[in-house]
Amino acid sequence: MDDHRLVYTLDEALTFMGFGKFQGLALAYSGLGWFSEAMEVMILSFVGPAVKSEWGLSSSEESLITTVVFAGMMSILGGALVTFVAGLLSAFSPNYISLLILRGLAGAGLGSGHVFFSWFMEFVPPSNRGKWMVVFSTFWTFGSVSEAALAWIVMPILTWRWLLALSAIPAFVLLIFIVFMPESPRYLCTKGRITDAHNILDKIAQFNQTSLPSGNLTSDGTNDLDEEFSTSEETPLLSSARKRTTVRKSGFSSFLMLFSPRFFKTTILLWVLYFGNSFVYYGIVLLASELSGSQSKCSSSILLSENVQDASVYINVFITSFAELPGLLTAALLVDRVGRKLSMTIMFIFVCIFLLPLVTLQSNILLTALLSGARMFSMGTFIIANIFAPEIYPTSMRSTGAGVAYAVGRIGGMVCPLVAVGLVTSCHQTAAIILLEALIVLSVVVILLIPFETKGKELVDTMDGVSNSKQVLVVA
């Protein structure tokens, strides 16, 4: 026979086809999901202070508005529909309690945000996956910048209610295009639906005006039950009902596998890393608005009028949001060259350096510059961690493993406004910065203890693929 390769893997197919027009569209759609989540998170920097002033809330009540969003994000029952409806309705909240409930529901809608990350990653060739996932992450930065710009335009002339309503629009756009998005071929392979996976790959190849390798598609493992005979000739597109049924059946067993001897240490270390990473990142995000007002309140040496303070909040958040772009560029340069672990370690060290001068009060210009530098590198660590975690786990438990780690990170987001931001508003800025520095040190130690490095390695589909192959995980 002329065909020397009778079979090919999914990663070999993706590498053979390369990154084409389909991946570009997948990037745009999944990136919009990331964009939407960034807007809903960044809005907390503006709504909390505005509602506090209008309704006469205490500092703890203001912080709770942020905390309930992160509490809701721990839900696994989220989706763009929940985000849009709850986000829009929260703009009409008649009182504080109803605002808390609706913002918590909006957070629940964001709970499935990590799925966009994992879904897009499974269409990207392994050789340059790190770089494209960093490109994907720019949507978060653009969402943050867009929210800061929108707040800067809307808040002075309208109210926080308009800001909430307008910020829900990206979630509505997601709902319109979801029916056109295909299922992940890697997911289908793990379910034994090789034919369906091949059909999707074939359509991708046609769309990209290329072809698949010679031979038949194979996987490094499938379930005993072959589901491919229960499907129609036309492959369904993102069948959410089917996916929910599958999640109910296999989600708990995948969760238990996180604590198997093979993954227990890595799982716990990832949880600590995500907690520290999220606490530090969101701490820096919220401090950009909180420090602008608290320094004038806590120090008689820094005097600003109320109007200047209000303007400085938008300016600080806008500038520090833009600072994420060079952070992403740095991450893109490092992630596939020096590896995930070393990249995060280097960036955490720079976050620590930029935050250190803030143990004392600084001028507004220096404050903005230091927070911009800290946010630049904090965003880099945050994104590389989001690349690293899904790569560690096989497809059969990738979404669960990364999703649970992401949920633990959201606990950091919940605690941050109550602790770090609470300390700042109580004129304990030094204690807040020391707390952030301590979590950075803990995160670096955790990174060094994680036994795996995934730079340039292929994804695997099953537990057997992890145990029997060194192509994915190598001991650091």
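Tutor: A residue counts as buried under 20% relative accessible area, as exposed over 50% and as partly exposed in between (1.4 Å probe, protein chains only). The model is predicted: local features need pLDDT of at least 70, side-chain atom pairs count only at pLDDT 80 or more, and totals for chains, interfaces and linings use all residues. Residues are numbered from 1 along each chain as its sequence is written, and side-chain values use heavy atoms, with hydrogens and water left out.

Of its 476 residues, 57% are buried. Among contacts (heavy atoms within 4.5 Å) between residues at least 6 apart in sequence, 84% join residues at least 24 apart.

There are 5 salt bridges (a side-chain nitrogen of Lys or Arg within 4 Å of a carboxyl oxygen of Asp or Glu). One of them joins the side chains of R410 and E37, at 3.4 Å from N to O. R410 belongs to helix α19 (residues 395-425) and E37 to helix α2 (residues 21-42), so this pair links distant parts of the chain, 373 residues apart. Both ends are buried: R410 has a relative accessibility of 3%, and E37 has one of 1%.

Helix α2 also supplies E40, as the next pair shows. E40 bridges to R103, with the closest N and O atoms 2.7 Å apart. R103 is placed in helix α6 (residues 96-109), so the pair ties together parts that are 63 residues apart in sequence. E40 and R103 are both buried.

A further bridge connects D196 with R193, the closest N and O atoms being 2.8 Å apart. D196 is buried because its relative accessibility is 2%, and R193 is buried with a relative accessible area of 2%.

The aromatic residues complete the picture. The structure holds 18 aromatic pairs (Phe, Tyr and Trp rings, the six-membered one for Trp, with centres within 6.5 Å; stacked under 30 degrees between planes, edge-to-face over 60, otherwise tilted). In one of them, the rings of F120 and F136 have centres 5.7 Å apart and planes at 15°, so the pair is stacked. F120 lies in helix α7 (residues 113-121) and F136 in helix α8, so parts 16 residues apart in sequence are tied together. F120 is buried at 0% relative accessibility, and F136 is likewise buried at 0%. Both rings belong to one aromatic cluster, whose members also include W34, W140 and Y406.

P390, in helix α18 (residues 364-392), is buried with a relative accessible area of 2%. Leaving aside neighbours within four places in sequence, P390 is in contact with S118, M121, A385, R398 and A402.

By contrast, Q209 is exposed at 68% relative accessibility. Q209 is placed in the loop between α12 (194-207) and β2 (216-217), and its phi is near 60°, a positive value in a residue other than glycine.

Technical notes. Helices (H or I, at least four residues) and strands (E, at least two) are DSSP runs, numbered from the N terminus.
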